[in-house]
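Hi everyone, thanks for making time this morning. Please have a look at the model on the screen, and then I'll walk you through some of its features.

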Amino acid sequence: MRVSLFITCLADTLFPDVGRATVAVLERLGCTVDFPEAQTCCGQMHMNTGYPAIAGDLVRGFAQTFADAEAVVMPSGSCAAMLRHHAHNVAPGAAVPPLYELSEFLVDVLGVTDVGARFPHTVTYHPTCHSSRLLGVGDRPYRLLQHVEGLNLVELPAAEQCCGFGGTFAIKNADTSGAMGVDKIRSARSTGADYLCASDASCLMHMKGVIDKEDRGHRSPARSLRTVHLAEILASR
Amino acid sequence: MSSRQLSRTDHVGLHPKPGEAFLGMPPFPQAAHVALGDDQLRRNLGHATSTIRTKRLRAVGEVPDWEELRLAGASIKDHTLANLDRYLIEFEAAATAAGATVHWAADAEEACAIGVAIARSHNTSEVVKVKSMATQEIELNEALAAAGIDAWETDLAELIVQLGGDTPSHFLVPAIHRNRNEIADIFRDRMAEVGRPAPDDLTAEPRRLAEAARLHLREKFLRAKVAFSGANFAVAETGTLVVVESEGNGRMCLTLPEVLVSVVGIEKIVPSFADLEVFLQLLPRSSTAERMNPYTTMWTGVTPGDGPQEVHVILLDNGRTRALADRVGRQALRCIRCSACLNVCPVYERVGGHAYGSVYPGPIGAILNPLLHGVSDPHDAALPFASSLCGACYEACPVAIDIPTVLIEQRAEAVREKAGHPGPPDPERLGMQAAGWAFGKAQRLNRLQRLAARFRGVASRIRWLPGLLGGWTRYRAMPEIPQESFRRWWSERGSGRSGLDTVDASADLLDQRRSSSERSQRPPQRRSSTEQGQPPPQRRSSSERSERVETSEETEQ
């Protein structure tokens with residue numbers, strides 16, 4: 001199956017490992033991955049910050065770039081939700097191709113829950129708000145993780161609570177965002193997991209930022225919690 | 001944040017006084033900063049909201065057709081709002097025929113003037129009140145006080161708030177910001193000033209606190225000639241008003257006094273009595289997590305010899321027609337004030353209700369205030385941004401108000417409003433325009449990524465950023481800038497470097513990330529053929545597009 005990868009501006013710029021892992025998983029499962037190089041950004045940040053005109057331009061750019069795609073796959077629940085549910089608000093009439101968040105594509109389209117990965121670590125999963133509430137990916141990421149060899153999945157308390165990132169909310173309401181982030185990391189650390197996993201590089205960037213800031217405050221952090229994208233676990237073997 | 005703003009907040013106090021209400025409060029981000037520093041408040045809120053959340057989930061989970069019920073509630077409200085002119089007239093005719101007097105108030109001032117005039121006409125120096133958001137919205141208590149009339153709140157939590165000299169911070173549990181020890185202190189210190197004192201041996205035991213309140217309020221119920229209320233629903237077909245409550249104190253107010261005045265927002269109308277079937281299921285399960293509401297009082301005008309013999313209804317607009325004119329935002333008028341959105345909101349849970357600077361806090365307040373007043377005031381303009389857009393509110397809302405979508409619309413309105421004012425260039429606006437430009441063409445993004453990679457060493461040492469971006473570094477470390485972007489890796493992979501080997505050792509990637517110093521010592525990658533404009537052989541379709549864009553970029557320059 002031919003798959004067009006939308007890497008998202010954030011993963012492209014700051015988390016290329018997420019993109020490489022996504023490619024690895026898709027190719028391992030027999031997909032031919034195409035990366036239209038004219039792609040940039042879905043416009044989510046602009047729309048959510050109050051700049052719908054710029055967001056509309058970016059959505060139209062996305063639609064044009066992926067015009068002949070059979071299936072667009074992206075390792076981000078929030079970008080997928082933006083393009084699936086909000087694109088028509090900022091770019092009426094733009095023809096958005098069929099698109100999937102990675103776990104949706106693997107489970108629904110390819111019909112796979114065991115991707116042949118091995119990750120011998122204790123992992124807790126944060127379901128991220130836009131994946132769960134806007135896209136409704138449900139238990140798909142958990143099913144994928146449960147089939148990873150050696151992976152010990154532990155439940156995250158108050159998992160449904162937002163990590164506090166919220167795009168420019170993280171800056172405009174930094175105090176509230178920070179408090180939410182600190183609470184989320186406290187929950188994650190309480191599980192004793194080695195890795196905090198999620199399916200959105202943006203939420204992971206915020207959570208890793210909180211962890212690193214906390215660890216920096218201690219000369220030798222008792223135990224380090226690391227963040228990891230779902231795609232990176234699924235690519236490991 | 002300027003120290004001036006902080007000191008203003010300190011002066012007003014975390015819990016604003018009634019009357020001065022929220023006038024001295026700074027906009028949301030600064031008010032939230034102060035609230036977040038109050039550990040007791042965060043503990044009170046965290047405990048209370050998580051308890052209510054768990055109970056609500058259970059109560060809602062019991063109803064197999066909850067989704068259908070929710071959509072029925074939304075569509076009844078939408079239909080009513082679309083025909084509000086007709087239903088309001090119908091309500092007025094039915095209520096009048098049943099012996100009520102219906103008044104129309106365009107704004108808070110008119111509504112208060114009508115209420116004060118009615119109270120005055122009965123030569124009373126005090127009135128009792130049923131818990132009501134509408135009367136708080138119009139600041140009726142303050143208007144009555146200015147006319148020399150004391151208004152006694154009779155809802156237990158409203159009594160706590162009134163005696164404590166602050167303002168409610170939640171629709172349903174207005175004193176959610178107080179714990180029982182604080183409540184016992186308030187009762188001991190303040191009850192004697194305004195009526196029957198608290199018992200000398202009062203403890204913080206809930207039963208003892210309720211008893212003290214009961215004894216204190218009973219005197220007021222028996223003495224009052226005039227009562228004020230709001231209404232949860234107003235039935236157009238019959239002219240009936242409905243108040244739902246849990247304590248019975250509301251029913252005392254609605255039945256004992258001779259005169260009853262109800263301030264009712266025009267969005268409270270439902271067409272028929274049968275429509276209550278939907279809302280009387282949705283409301284209690286969403287608000288108190290009860291299957292059925294403990295006290296549901298309904299009255300239709302005057303019943304001779306039974307209950308108040310003079311019944312007034314003040315139909316209140318106060319910005320509601322403004323909200324109704326907003327194509328996206330009008331759904332906020334479906335709200336039945338259940339407060340489920342407050343209880344599930346991670347922002348509300350951490351900062352409490354007062355930071356919103358309005359009697360309508362939480363997610364619904366964040367959209368309702370700008371809809372009612374517009375966004376020209378800095379408080380209202382800040383509210384649509386007081387959300388991480390997590391969507392928990394929409395999920396919980398019993399009338400399916402898509403609060404995140406309305407927030408997004410209002411953010412755009414706030415940005416437009418700000419742009420309309422002359423002043424120095426707004427850094428946020430410039431940043432958004434710059435980002436829009438960079439994302440406008442893949443080549444620009446590519447160049448910026450490569451530029452950023454050159455500064456990755458410097459960037460990794462950043463601990464603090466100035467201005468807007470300082471919000472990031474105050475709570476989080478900066479993300480590392482990778483040596484190469486994904487798109488650069490892809491184009492090099494296409495030009496012959498084996499990609500799969502690199503990726504399939506993905507477990508190693510995680511190790512690599514741990515020692516970033518190792519990675520930065522890797523020799524810089526050679527420019528690939530793609531970047532020089534020659535498409536790699538295997539990836540024709542994408543490279544063709546890329547080539548097209550490259551050409552247009554050159555044309556532009």
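**A walk through the model**

Let me begin with B:Arg456, which is partly exposed because 15 other C-beta atoms lie within 10 Å. On that scale, a residue is buried with 20 or more other C-beta atoms within 10 Å of its own, exposed with 12 or fewer, and partly exposed in between, with C-beta atoms placed from the backbone. B:Arg456 sits in helix α23 (residues 456–459) of chain B. Its C-alpha atom is 5.3 Å from that of B:Ile481, 25 residues away along the chain.

Some housekeeping: this is a predicted model, in which local features need pLDDT of at least 70, side-chain atom pairs count only at pLDDT 80 or more, and totals for chains, interfaces and linings use all residues. Residues are numbered from 1 along each chain as its sequence is written, and chains are lettered from A and ligands numbered from 1 in the order in which they are written.

Now, chain B as a whole. It has 29 helices and ten strands; helices (H or I, at least four residues) and strands (E, at least two) are DSSP runs numbered from the N terminus. Of its 557 residues, 48% are buried. Among contacts in chain B with a separation of 6 or more, 74% link residues 24 or more positions apart. Contact here means C-beta atoms, placed from the backbone, within 7 Å.

On to the sheets. Which strand order does the open sheet of six strands have? The order is β1-β10-β7-β4-β2-β3 in chain B, with parallel pairing; two strands pair if DSSP finds at least two bridges between them. β1 (100–105) and β3 (150–153) of chain B are at the edges with a single partner strand each, so one side of each has no neighbour in the sheet. On average, neighbouring strands of this sheet are turned by 25° against each other, direction ignored. Six bridges join β1(B) and β10 (residues 310–316) of chain B in the parallel sense, and B:Ala100 has B:Val311 as its bridge partner in β10(B). Helix α5 (residues 84–97) of chain B lies across β1 and β10 of chain B, at about 150° to β1(B). For that angle, axes are lines fitted to C-alpha atoms, for helices over the stretch in contact, and angles run from 0 to 180 degrees between N-to-C directions.

There is also an open sheet of four strands in chain B, ordered β8-β5-β6-β9 with mixed pairing. Within it, β5 (residues 233–235) and β6 (residues 240–245) of chain B run antiparallel, joined by three bridges, and B:Ala234 has B:Leu241 as its bridge partner in β6(B).

B:Val264 touches B:Ala234 and B:Leu241, among others, not counting residues up to four places away in sequence. B:Val264 is also one of the residues with the most contacts inside the largest nonpolar core, which has 232 residues. Such a core is a set of buried Ala, Val, Leu, Ile, Met, Phe, Trp, Tyr and Cys residues joined through C-beta atoms within 7 Å.

Finally, the two chains together: their contact takes 66 residues from chain A and 62 residues from chain B. That's my tour, so over to you for questions.
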